[in-house]
Amino acid sequence: MTRLPALERQLVATAERLDATATPAAAPSPAAPSRRRRLLAWIAGHSLLALAGTGLAAAAVATGSALVLSDAQRSAPASGTFRPRPDWASQPPLPEQRYSVEMQPGLAVGRTSWCSSVTVRRAGSTARGTGGGGCLAYVTDRDHLLGGSIQSVPGRGSLSAMIVDQTVAYALRPDGTRIVPARGRHLPNGWGVIVVLPRAGRASSTRGTDALPGLDDTLGRLRFRDAAGRPITSRRILHDPSLPVARRRGLGPAAGAAPCTIRSSDPTLRPVASAWVSGELRGRPDLNGRAMLSCATTGFRRGHAEHRVERYQVVVLVDGERPGRAAPMAFPGATERDGLARPGLGMQGGPGDILPGALQRRATSLRSGNAWIVVQGGASRARRDAVARSITVGVRP
Amino acid sequence: MPRDPRHRSDAELLAGDAEDFGTLYRRHEDAVLAFFHRRTGRADVAADLTAETFARLLESRRRFDAAQGEVGGWLHGIARNVLLRSLERGRVEDEVRRRLELEPLRLDDADLLQIDEAASASTRAADALAAIPPEHAEAIVGRIVDERDYPALAAELGCSESVVRQRVSRGLRRLRDHLEARP
């Protein structure tokens with residue numbers, strides 16, 4: 001069985017044609033990535049898992065050596081710019097790069113998860129350079145290292161980021177110096193980040209006094225400590241990460257028939273598929289950082305002509321610990337105006353400075369009672385806002 | 001009598017005829033779709049990127065060298081290149097699809113639902129990996145995902161080769177138990 005039978009048919013037919021004509025392949029061979037690159041690629045995709053494991057291992061082997069406070073440097077901030085020094089082989093000089101490390105609640109229904117993303121792009125460009133990150137379900141209050149991500153910047157090394165909670169006072173480098181996590185508005189509820197900026201060749205320069213020039217970019221070599229200098233022992237618990245979820249094509253259940261329900265008053269929106277928590281809306285008492293539970297979603301479409309179809313994904317988020325309590329801001333760092341809040345709205349420079357990561361697509365959120373309605377997709381911010389305002393949710397904690 | 005395609009290796013299928021390539025496509029389709037779905041969050045974009053990835057694999061399949069690694073790793077490298085180039089250019093890569101004259105995919109709601117399901121299945125596998133001890137997961141990733149040999153892994157993990165083998169073996173058993181316990 002195949003998910004895309006039309007693609008398989010085309011590929012088989014094209015393979016027959018190529019074999020029949022014995023046409024030599026014209027495209028450059030995609031170079032088999034080096035093992036290190038493949039590891040980085042895999043880490044970028046599974047960063048939360050892999051680097052948490054690395055962090056745990058790192059913590060386990062950390063020594064108890066005392067450190068001089070003046071050795072500490074503050075991490076590069078969660079978002080900013082850097083301008084790597086030109087490598088001796090680089091022509092022309094390398095342009096300034098912008099980066100952003102972000103967190104947001106996971107939107108997978110039935111899960112109480114955190115997602116992170118790392119985005120790098122050339123300053124002034126509208127195209128992202130690279131993006132990555134991942135989501136991790138059920139981060140408990142014994143789990144202090146949310147995860148990290150490594151993003152390669154072509155020709156410029158790699159940018160590494162590790163998200164840590166408030167228990168982590170600093171990270172210890174192999175040379176004994178310390179890095180203090182940076183906090184930021186778009187990292188919620190006491191979470192911080194340790195950012196290691198890329199090096200070009202053997203050296204780099206960075207803007208701002210908080211930068212860390214020339215730091216080794218291997219997150220796995222960092223050791224994490226609490227305020228008393230003790231190694232951080234972080235414990236991941238992943239049993240039962242999801243509440244029971246039901247799915248159906250079209251609209252989900254009517255109000256009152258499930259803990260969370262979604263309806264739209266806009267007749268031009270066509271419901272495509274829905275998923276919702278089918279059992280009790282059960283909170284988890286031991287979450288780290290006010291994580292939120294995604295309790296229902298419906299995908300909508302508007303229009304029929306293939307090139308004009310607008311797709312929207314509507315998700316309901318409730319407080320993960322106590323679903324009946326007012327949920328925290330859906331997108332950390334956003335500013336709420338008339339009930340609406342968008343990722344990045346409160347960041348420096350306003351919405352134009354948003355760097356939506358690979359996971360955090362353009363989105364709008366609207367407060368609805370104790371819950372948040374999140375709308376992703378669509379052609380414009382105004383249309384997303386309008387869709388959000390057409391949505392009615394029912395939440396039965 | 002030809003061997004059952006299910007029992008043939010990826011490398012054999014890649015070196016085979018057009019039908020073999022179809023078998024290879026079916027074998028890896030879910031993994032590639034899930035790879036892109038996780039990173040883009042969109043079923044339609046994941047489908048387009050998957051099409052470009054397999055088009056590139058098809059075009060370059062005669063240059064595959066088994067001595068350089070396994071087909072899965074090669075395919076993963078292609079997928080990553082397709083993703084990075086798409087992100088750099090701000091649009092979905094379709095260069096090789098156009099060169100091979102593959103038609104644009106037309107997806108209906110059922111197709112998109114299928115892709116979401118494929119991504120969901122992959123998430124379950126990632127959850128299972130996260131649920132086993134970190135040292136087992138580390139060994140499995142090093143050996144199976146990264147295809148490193150045991151001596152190199154042992155040096156990197158600071159233990160003996162036999163310990164790495166043991167971790168891989170036990171980790172796979174735990175992984176299987178976990179997946180079987182959660183259908």
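**A tour of two sites**

Select strand β17 (residues 310–319) of chain A together with β20(A): the two pair in the antiparallel sense over six bridges. The model is a predicted one. To find one of the paired positions, pick A:V314, whose bridge partner in β20(A) is A:V375.

Follow the chain between the two strands: β19(A) and β20(A) make a hairpin with two residues between them. In that turn, stop at A:G369, which has a positive phi of about 65 degrees.

Move to chain B and select helix α2 (residues 18–40) and helix α3 (residues 43–60). Their axes lie 8 Å apart, and the helices pack at an angle of about 135 degrees. Angles over 145 degrees would count as roughly antiparallel and 65 to 115 as roughly perpendicular; α2(B) and α3(B) are therefore oblique to each other. Turn the view to follow the crossing, in which α2(B) passes α3(B) in the right-handed sense.

Finally, display the side chains at this contact. From α2(B), select B:F21, B:Y25, B:V32, B:L33, B:F36, B:H37 and B:T40. Coloured by type, the contact residues divide into eleven nonpolar, four polar and no charged.

Conventions: Residues are numbered from 1 along each chain as its sequence is written. Chains are lettered from A and ligands numbered from 1 in the order in which they are written. This is a predicted model: local features need pLDDT of at least 70, side-chain atom pairs count only at pLDDT 80 or more; totals for chains, interfaces and linings use all residues. Axes are lines fitted to C-alpha atoms, for helices over the stretch in contact, and angles run from 0 to 180 degrees between N-to-C directions. Helices (H or I, at least four residues) and strands (E, at least two) are DSSP runs, numbered from the N terminus. Angles under 35 degrees count as roughly parallel, over 145 as roughly antiparallel, 65 to 115 as roughly perpendicular and the rest as oblique. A crossing is left-handed if the near helix is turned anticlockwise from the far one by less than a right angle, and right-handed if clockwise. Two residues are in contact if their C-beta atoms, placed from the backbone, lie within 7 Å. Ala, Val, Leu, Ile, Met, Phe, Trp, Tyr, Cys and Pro count as nonpolar, Asp, Glu, Lys and Arg as charged, and the others, Gly among them, as polar. Two strands pair if DSSP finds at least two bridges between them.
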